[in-house]
Amino acid sequence: LSYRAVVTMILRNLVSIGLGPRVSSPVTRRPLVEMTRSASSDMSEFRKVFSKARHIAIITGAGVSAESGVPTFRGAAGYWRKWQSQDIATPEAFFRNPSLVWEFYHYRREVMLSKGPNTAHLAIAECEARLRKQGRSVVVITQVIDDLHRQAGSRHVLKIHGSLFETRCVSCGHVAVNQGSPICAALEGKGSPDPDTSDAKIPPEELPRCEKSDCHGLLRPNVTWFGETLDSHVLTKVETVLDTCDLCLVVGTSSIVYPAAMFAPQVASRGVPVAEFNIETTSETTRFTYHFQGPCGATLPLALARHESEVV
């Protein structure tokens, strides 16, 4: 089988058991080159490469937001009440019990409204703004659905899993930004993660509804749920960024969630330097040129700071 066929088969298997979103076609087009050498932790060498890069792709995951105190809803501690996210973040769960799913997302929205960008978010945004003046580019490709990159000031952000602060009408498909707190009156005070909390059982007509006068359909969070297709338009933009970048950073991600887990290895396969910033090594670390271990908020600001060769 070709690599493309293998990737497609893997993704379909992940979807069939509810472990990942669907994609209509894999982003990766080139075969990946296996690398067995150790990734370097030489920051001075990375800084030399950084100083010469013209187009930088930064792939971010839940680890970046976790440093702002955002729950990741993964692993043993990743429960909301008695459920994990893969139990609730599905189309089937929403149409079976939209009240419960909206309680979960209302809780997440309220938590996010109390959080702010950390030093990693700010370092990325400052780097983008500074390099823009030099005719260089920084594009963030993020797996997270929060709004912290935008709050930090990043302009070029591709959100492959959607946004917690957007809604989509299940009737007319209208997408809208919504940062209301609460998003509807019936959800005020609801959504406690305590496992002893009773479900609110809010009637569908009292849940968030489409504001278009000729619709008034039920709204859902505009995020990609388990088993759903990723936005092909976003994926096309991601592929363009990955094909043209001359430096790639992988920040705060475990590299196990597909298809995003393929992005950095795809870049590495064409000989482009890839630097991983994470609190631990991952299954992909040996494919990369650099690995900087520790909190992203501590390692990233140093990595992205103004280089002595820059003329601003």
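Biologist: How many residues in the lining of the second largest pocket are nonpolar, polar and charged?

Modeller: The lining of the second largest pocket holds seven nonpolar, eight polar and 10 charged residues. Here Ala, Val, Leu, Ile, Met, Phe, Trp, Tyr, Cys and Pro count as nonpolar, Asp, Glu, Lys and Arg as charged, and the others, Gly among them, as polar. The model is predicted, so local features need pLDDT of at least 70 and side-chain atom pairs count only at pLDDT 80 or more, while totals for chains, interfaces and linings use all residues. Residues are numbered from 1 along each chain as its sequence is written, and side-chain values use heavy atoms, with hydrogens and water left out.

Biologist: What is a pocket, and what is a cavity?

Modeller: Both are sets of points on a 1 Å grid over the protein atoms alone: in a cavity a 1.4 Å probe fits but cannot get out, while a pocket is an open set with protein on both sides within 12 Å along at least five of seven lines. Lining residues have an atom within 4 Å of a point. Grid points are joined across faces, edges and corners, and a volume is the space filled by probe spheres set on the points. In this structure the second largest pocket has about 560 Å³ of space.

Biologist: Which residues lie nearest the centre of the second largest pocket?

Modeller: Of its 25 lining residues, Lys-159, Gly-162, Ser-163, Glu-166 and Asn-222 lie nearest the centre. Two or more lining residues come from each of α8 (148–152), β5 (157–159), β6 (162–169), β8 (219–223) and α9 (232–244). The largest share, five residues, is from β6. These labels are DSSP runs numbered from the N terminus, helices being H or I of at least four residues and strands E of at least two. The protein has 11 helices and 11 strands.

Biologist: Which residues line the largest cavity?

Modeller: One cavity of 30 Å³ or more is counted, and the largest cavity has about 50 Å³ of space. Its lining consists of Ile-59, Gln-143, Val-250, Thr-253, Ser-255, Ala-260, Ala-261, Ala-264, Pro-265 and Phe-288. Seven of these lining residues are nonpolar, three are polar and none is charged.

Biologist: Where are the cis peptide bonds?

Modeller: One joins Ser-181 and Pro-182, with omega about -5°; Pro-182 is in the loop between β7 (175–177) and β8. Another joins Tyr-258 and Pro-259, with omega about 5°; Pro-259 is in the loop between β9 (247–251) and α10 (263–269).

Biologist: What describes a pair of aromatic rings?

Modeller: The distance of the centres and the angle of the planes describe a pair. Rings of Phe, Tyr and Trp (its six-membered ring) pair if their centres lie within 6.5 Å; planes under 30 degrees apart count as stacked, over 60 as edge-to-face and the rest as tilted. The whole structure has 12 aromatic pairs. Phe-46 and Phe-50 are stacked because their ring centres are 6.3 Å apart and their planes at 20°. Both belong to helix α2 (residues 43–52), four residues apart, so about one helical turn separates them. Phe-46 is buried at 0%, and Phe-50 is buried at 0%. Phe-94 and Phe-95 make an edge-to-face pair, 5.4 Å centre to centre with 80° between the planes. Phe-94 is buried at 0%, whereas Phe-95 is exposed at 59%.

Biologist: Which residues do ring pairs link into a cluster?

Modeller: The cluster holds Trp-80, Trp-83, Phe-94, Phe-95, Phe-104, Tyr-105 and Trp-225. The charged end of Arg-220 sits over the ring of Trp-225, 3.7 Å from its centre. A charge sits over a ring if NZ of Lys or CZ of Arg is within 6 Å of the ring centre and within 35 degrees of the ring normal. Arg-136 lies over the face of Phe-50, 5.7 Å from the ring centre.

Key. Buried means under 20% relative accessible area, exposed over 50%, partly exposed in between (1.4 Å probe, protein chains only).
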